[in-house]
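Please load the model in a viewer and follow the selections below in order. The tour visits pockets and then salt bridges.

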Amino acid sequence: MNRFRRSLALLKTSWSVLRAERQLLLMPVCSAGASIVALGLLAVAAYATLGEETGVDGASQATANIGTVAIASVGYLLIAFITVYFSAALVAGANARLTGGDPTFGSSIAEANRRLPRILGWSVVVATVSIVIDAIESRSDALGTIMASIFSAAWSVVTYLAIPIIVLEDLGPIAALKRSGALLKQTWGENIITNGGIGLIGIIVVFLPTLALVVLGIASGTPFVAVPLIAIAVVWCLVGATVLAALSGIARTALYRYAVDGTVPTAFVGAGLEQAFATKPARR
């Protein structure tokens with residue numbers, strides 16, 4: 001089974017788990033909704049802090065100040081917290097399902113609440129790294145963009161299992177980071193290929209149809225065609241992104257369970273999980 005087919009098999013299995021536990025979809029929905037509200041409030045607050053100065057052409061222009069920077073920093077932390085919190089709840093619910101439990105939205109949220117200090121600590125780490133990556137990427141040269149991309153990819157690899165570790169092992173952010181890195185060293189790390197495969201499928205199933213609908217709508221040249229097509233594209237993109245987020249969380253939780261327990265969760269037997277996260281052979 002090649003890597004793409006293995007990713008597809010894991011995705012199909014994750015889909016079967018999601019169909020059996022549809023409440024897991026509520027986690028990415030709540031995450032997206034809360035993030036939109038938070039961004040709206042932060043945008044209003046940031047706008048209120050903007051000052052004005054007169055440019056060389058005599059026109060007034062808005063300028064950022066220390067208040068704007070402070071709100072932007074709070075924004076990084078708030079969005080990171082929302083994302084990590086609901087990802088943690090998703091992992092808790094998926095883990096309960098994979099281990100024979102019957103999770104609910106309330107029970108998943110309760111598990112996330114139990115880890116609230118850990119989640120907040122990890123959110124601070126995530127927000128800080130995001131600021132650093134954005135600062136590197138903001139450099140005007142191509143080197144900055146390349147460095148940011150490499151840093152971001154490396155961070156994603158090292159922290160791939162951090163949230164399951166925080167939720168299921170009750171470790172703090174630094175210990176979870178070390179534990180995630182240790183699990184990566186103990187394995188081939190092909191779970192990253194799995195996640196990449198899910199991302200590729202997302203591009204094919206979600207992004208390309210969305211882009212096609214938008215292009216067709218704009219090319220039509222008439223609002224009567226463009227508006228419905230673009231509306232369908234937005235809905236398709238939102239629904240697709242929500243489902244993919246849930247599937248990714250389920251697959252990641254299954255990979256964590258196999259990495260820690262050494263046994264494939266019942267729901268994933270035959271899905272190629274062993275090959276997606278194979279243990280490294282001992283050196284001779």
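A pocket here is an open set of grid points where a 1.4 Å probe fits, with protein on both sides within 12 Å along at least five of seven lines. The model is predicted.

Begin with the second largest pocket, which holds about 170 Å³ of space. Select its lining residues, among them Leu8, Trp15, Val205 and Leu247. Helices α1 (3-20), α9 and α10 each give two or more residues to this lining. By class, the lining has 9 nonpolar, 2 polar and 1 charged residues.

Of its 40 lining residues, select Thr83, Ser87, Ile163, Ser248 and Arg252, the closest to its centre. Then colour α3, which gives the most to the lining, with 10 residues. The lining as a whole has 26 nonpolar, 13 polar and 1 charged residues.

Turn now to the salt bridges, of which the structure holds 6. Select Arg97 and Glu21, whose side chains meet at 3.1 Å, N to O. Glu21 is buried at 5% relative accessibility, whereas Arg97 is partly exposed at 30%.

Next, select Arg118 and Asp170, a salt bridge at 3.2 Å, N to O. Arg118 belongs to helix α5, and Asp170 to the loop between α7 and α8 (173-186).

Finish in helix α10, where Arg257 and Asp261 lie 4 residues apart, about one turn of the helix. Their closest N and O atoms are 2.8 Å apart.

Definitions and conventions:
Residues numbered from 1 in each chain as written. Predicted model: local features only at pLDDT ≥ 70, side-chain atom pairs only at ≥ 80, totals over all residues. Heavy atoms only, no water. 1 Å grid on protein atoms, 1.4 Å probe; cavity = no way out; pocket = protein on both sides within 12 Å on 5 of 7 lines; lining within 4 Å. Nonpolar A, V, L, I, M, F, W, Y, C, P; charged D, E, K, R; others polar. Points joined across faces, edges and corners; volume = space filled by probe spheres on them. Salt bridge = Lys/Arg side-chain N within 4 Å of Asp/Glu carboxyl O. Buried < 20%, exposed > 50% of the residue type's maximum accessible area, 1.4 Å probe, protein only.
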